[in-house]
Amino acid sequence: MIRTGTTEDISSVQEIAYTSWSDTYEGIIPSPVQKSFLDKSYSFPMMEMRLKKTIMLLAEHEGQPVGFANFTKVDEDGDAELIAIYLKPEYQRNGYGKKLLSSGLSLLKGSQLFVYVESKNLKGRHFYETNGFKFIEEFEELFEGYPLQTAKYVYDLKAPAL
């Protein structure tokens with residue numbers, strides 16, 4: 001089941017983010033850099049702001065949150081961004097990611113959805129490419145002071161839904 005997140009879900013979202021990041025970025029992004037980012041981006045005040053200003057969807061298995069997706073709302077140019085989509089490792093490759101993405105896409109009435117993914121995150125890149133995102137470019141950026149290669153993708157929101 002996919003549903004909208006609430007303040008009661010903050011601790012579950014935090015747990016999913018930390019678990020998923022550790023699993024995904026081990027050997028790609030140093031643990032202290034991950035922790036610094038997660039501590040800021042998933043703090044309670046930041047989560048409260050996300051719940052008010054963005055679209056937060058949760059995937060549940062037997063009533064327990066197992067993943068989430070976070071989208072910005074569509075801006076004046078018709079663009080939105082998929083900020084995050086994370087699943088507990090044991091629930092990956094079971095259709096939850098696709099359901100979260102599809103649910104989010106159904107709520108976005110714009111022209112383009114962008115997503116940025118670390119270039120070495122091959123699981124993430126495969127997921128986006130398999131689900132209709134088109135690769136635009138790669139660029140280097142500083143992430144919490146650490147240099148990373150980032151891949152930018154776009155999804156045409158006017159295309160037929162997944």
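**Reading the pocket and the rings**

Reply: Happy to! Let us begin with the largest pocket, whose lining counts 41 residues; Tyr-25, Ile-85, Tyr-86, Asn-121 and Tyr-128 are the ones nearest its centre. Keep in mind that this is a predicted model.

Me: How is a space like that found, and what volume does the largest pocket have?

Reply: The general idea is that a probe the size of a water molecule, rolled over the atoms, shows where empty space is left. Here, the volume of the largest pocket comes to about 900 Å³.

Me: Which element gives the most to the lining of the largest pocket?

Reply: That is β4, with 7 residues. Among the other elements that each supply at least two residues are α1, α2 (31-41), α4 (96-107) and β7 (146-156).

Me: And what is the lining like by class?

Reply: Sorted by class, 21 of the lining residues are nonpolar, 13 are polar and 7 are charged.

Me: Now the rings. How many aromatic pairs are there in the whole structure?

Reply: The search finds 14. To read a pair, look at the distance between ring centres and the angle between planes: under 30 degrees counts as stacked, over 60 as edge-to-face. Take Trp-21 and Phe-143: their ring centres are 5.8 Å apart and their planes stand at 15 degrees, so this pair is stacked.

Me: Where in the chain do Trp-21 and Phe-143 sit?

Reply: Trp-21 belongs to helix α1 (residues 10-25) and Phe-143 to strand β6 (residues 134-143), so the pair links distant parts of the chain, 122 residues apart.

Me: Are Trp-21 and Phe-143 buried or exposed?

Reply: Buried means under 20% relative accessible area. Trp-21 has 4%, so this residue counts as buried, and Phe-143 is buried too, at 16%.

Me: Which residues form one aromatic cluster?

Reply: Trp-21, Tyr-25, Phe-37, Tyr-42, Phe-68, Tyr-86 and Phe-143 do.

Me: What lies over the face of Tyr-42?

Reply: Arg-50 does, at 4.3 Å from the ring centre. Look at Tyr-96 as well: Lys-99 lies over its face, 5.9 Å from the ring centre.

Definitions and conventions
Residues numbered from 1 in each chain as written. Predicted model: local features only at pLDDT ≥ 70, side-chain atom pairs only at ≥ 80, totals over all residues. Heavy atoms only, no water. Phe/Tyr/Trp six-rings, centres within 6.5 Å; stacked < 30°, edge-to-face > 60°. Helix = DSSP H or I, 4+ residues; strand = E, 2+ residues; numbered from the N terminus. Buried < 20%, exposed > 50% of the residue type's maximum accessible area, 1.4 Å probe, protein only. Lys NZ or Arg CZ within 6 Å of the ring centre and 35° of its normal. 1 Å grid on protein atoms, 1.4 Å probe; cavity = no way out; pocket = protein on both sides within 12 Å on 5 of 7 lines; lining within 4 Å. Points joined across faces, edges and corners; volume = space filled by probe spheres on them. Nonpolar A, V, L, I, M, F, W, Y, C, P; charged D, E, K, R; others polar.
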